[in-house]
Every structure is written in structure tokens, then in C-alpha cells.
Amino acid sequence: MTDHHKTNIMTLTRYVLEQQRQHPDATGDLSIAMNAVQVGCKFVESCVRKARLINLVGLAGNTNVQGEDQKKLDVLSNEMFVNALIASGKFSFMVSEEVDDIVVVPEELRGKYCITFDPLDGSSNIDAGVNVGTIFGIWRLPSGDKATVDEILVPGSEIIAGGYCMYGSSCNLVLTFGNSRVEGFTLDPALGEFILTHPNIRIPSRGKIYSVNEGNTLYWDDATKAYFDSVKFPSAESGRKPYSARYIGSMVADVHRTLLYGGVFAYPSDRKSRSGKLRILYESFPMAFITEQAGGKATTGSQRVLDIVPKHIHDRCPIFLGGVDDIADVEAAFASNNNWLNDTQR
Ligand code: AFP
């Protein structure tokens, strides 16, 4: 029957419950966990919208673990997420960009999952009204609510759910449970519900856009230079036109565009930051997982991002993510040119 009035809408909550029903042995724990994430995202969205009005923008007066100035919104967003996630009773550990150490959940509220998240990524852009976002990844702890902290530092391939929420001209939550499907939801502010608007996002195998901070070109290695030269000055044999440049400097926004339009998003290693800038556990892993589930690839240049095993919770890695053909070109450039990754391995 045609749904003329769109009365049969797929909300995020309904979607999560339908996923749960497809796994008869599911306990519903992940659905409850996802509900806490959803509440956190709605809270941050509401704060970002009101930031100017209620004068939330500004420094909170302290710095985070990376020595960056923390904005009030970072602090608020982090507290909101931590409280909602603890209250869900489904997590034993959390790793947040804003907290130096692993957040250990009180014993009586422990659950079988670990969550890693950046509550407000791109926050240095907030004063300019640029898109910001939350990024999260969820892991099942092998020992459940009896797990110890050493169960956190595992390869990215063990992630079971990943997503981000982008606070921009609309509020978009993109999510995957790793079943080769990535779904995009848009918040209906009147209903206060995320509605499925972008089902089954597939990243084009080749795009026409490259996204990287070119201000770092001076510090790049030969492989990175060779790759970006190849998209700006394509060979006659390739028959391709030069790619367009787009760089917002807010990972969620740059990755969201890359998923929808294709191309390459990168934060490579360079001479001043040999491991790149982006954090493995709560930036690179969730975004690499989403990209792979959408049919794309994510590499450091010479290694699949999801094969990395981080040594510390705030470790960084270089990343190039995009469509399979685009990333094959990145890998070819790294295979035939000098690069910092090889240097550090020698
Ligand atoms: P902020 O949260 O400090 O704004 O950093 C954002 C970010 O971690 C990521 O979202 C961007 O992709 C990247 O940094 C931009 O870094 P550059 O400013 O060095 O290009």
C-alpha cells in the first residue's frame, strides 16, 4: 500500500529493534546501549543549536589530554555522554577524547560492552558555525561485565557497531552494525526522532573529490605527494580530469561528504606528526568501519586501518579512506614511493 502521508516511518529506535529481532539470540543489550548513544546525540544537537544564544561558546578554562583548549560544549557533551552511557548499564569501560584515562563504570552498572567516542569532534570550528560531530565505536568485551581494561586494546576489526552524528544544517546520524549496510538518519526536530533518510549508503568506487589539509604539503613524504599530485595532474593515459578539493577540517563533515559523493578523505602522517593526527580508537576505527561497510576502504597507506592494534588509548594513525578504486591508487603510490611509515619501520 502506498504510504501517501508517510505514516509508516522508520525511526532509529524502530530500526535498532528490527535489527535485534533479526538475531533471535540477542538480549536487547545493544539496543539499550544504542538508545543511550541516541540520547547523547540529541542533547549535543540541542546544545550546538543553542550555543550562540545561551553563550555556551567559549573556553571552559582548562585543557584536555592533548593540551587543546576545551570549550564548554566539549565538557558538556562529554559529561552528557558519560552519564547516559553509564546509566544504561550496558558498558564496563569507555574511552573518551576528553578524558585522559579509561572511564571505568561502577561495578553495579557494568555491562558487556566498551564504547570509544569523541563527543564533539571538530570543536575548534564551532565559533565559525561549521559542522561538528560525535564519533563512536562499540566493542563486545570478551569477558563481559567481568572484563579487565586490557581487553580494550584490540584490532579495529573486532568493532561491532560504529557511527557518527553530524550537527550541521541538519542533524544526521550514520550507523552500521557491520552487516555490509550503513544507514543514515536525519533528526526531525518536531518529532525529536531520527528518521531513516539515507538507507544503505554505498560509497562510489571512484569519486572526483580529494579532501586533505594541503597546508601540510611541505611536511609530506614522497608517497603522499605522489598520490595527491596524481589526482591534481592526472596522466593522459588515465583519461581522468583533475579532482576538486574540499576540506572542512571537521572529520565528521569531510567523511560524510566522502561517503555520499565519493573521493578520498585523508589525514596522512607527515614530518611533524609521524602518526598523523587522528585518534585510532574513536576517530579512525569507527570511520574506517563505516567506510568498509559502505563498500569502501581505509588504509594508513600500507596497512588496513582496522588491522591496527593500538598500544595506548589515545594513539593516532594516518588514514586515507574512500572508494575502492581511489584507495587502490593510494596504496599503489605508497608501494612505489618513500614514506614515513616505511621509515619508522626500518
Ligand atoms: P578539533 O576537534 O580540534 O577541531 O580537530 C578536528 C580534527 O580532529 C578532525 O575532525 C579533523 O579532520 C582534523 O582534526 C583537522 O585537523 P587540521 O586542522 O590539522 O587539518
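## Basis

The model is predicted: local features need pLDDT of at least 70, side-chain atom pairs count only at pLDDT 80 or more, and totals for chains, interfaces and linings use all residues. Residues are numbered from 1 along each chain as its sequence is written, and side-chain values use heavy atoms, with hydrogens and water left out.

## The open sheet

An open sheet is built from 5 strands in the order β12-β11-β13-β15-β14, with mixed pairing. Helices (H or I, at least four residues) and strands (E, at least two) are DSSP runs, numbered from the N terminus. Two strands pair if DSSP finds at least two bridges between them. The edges belong to β12 (244-245) and β14 (297-299); each has a single partner strand, so one side of each lacks a neighbour in the sheet. β14 pairs with β15 (residues 319-322) in the antiparallel sense, over 3 bridges. There, Lys297 stands opposite Gly322 in β15.

Two helices pack on this sheet. Contact means heavy atoms within 4.5 Å. Axes are lines fitted to C-alpha atoms, for helices over the stretch in contact, and angles run from 0 to 180 degrees between N-to-C directions. Helix α4 (residues 222-232) touches β11 (209-211), β13 (264-267) and β15, and its direction makes about 150° with that of β11. Helix α6 (residues 280-293) touches β14 and β15; its direction makes about 25° with that of β15.

## Cysteines

A disulfide is a pair of cysteine sulfur atoms within 2.5 Å. By this rule the count is 0. Cys165 is in no disulfide; its nearest cysteine sulfur, that of Cys171, is 3.5 Å away.

Buried means under 20% relative accessible area, exposed over 50%, and partly exposed in between (1.4 Å probe, protein chains only). Cys165 is buried at 0%. Cys171 is buried at 2%.

## Aromatic pairs

The structure holds 10 aromatic pairs. Rings of Phe, Tyr and Trp (its six-membered ring) pair if their centres lie within 6.5 Å; planes under 30 degrees apart count as stacked, over 60 as edge-to-face and the rest as tilted. Tyr15 and Phe185 are edge-to-face, because their centres are 5.5 Å apart and their planes stand at 65°. This pair joins helix α1 (residues 12-21) to strand β9 (residues 183-188), across 170 residues. Tyr15 is buried at 7%, and Phe185 is buried at 0%.

Tyr227 and Phe228 also pair edge-to-face, at 5.1 Å centre to centre and 70° between the planes. Tyr227 is buried at 1%, as is Phe228 at 1%. Ring pairs link Tyr227 and Phe228 with Tyr210, Trp220, Phe320 and Phe334 into a cluster.

## Salt bridges

There are 14 salt bridges. Each is a side-chain nitrogen of Lys or Arg within 4 Å of a carboxyl oxygen of Asp or Glu. Asp29 and Lys112 meet at 2.9 Å, N to O. Asp29 lies in helix α2 (residues 29-50), and Lys112 in the loop between β4 (103-104) and β5 (113-121), 83 residues apart. Asp29 is buried at 18%; Lys112 is partly exposed at 23%.

Glu45 bridges to Arg49, with the closest N and O atoms 2.7 Å apart. Both sit in helix α2, 4 residues apart, which means about one helical turn. Lys232 bridges to Glu214 at 2.8 Å between the closest N and O atoms. A network of salt bridges links Arg206, Arg240, Asp326 and Asp329.
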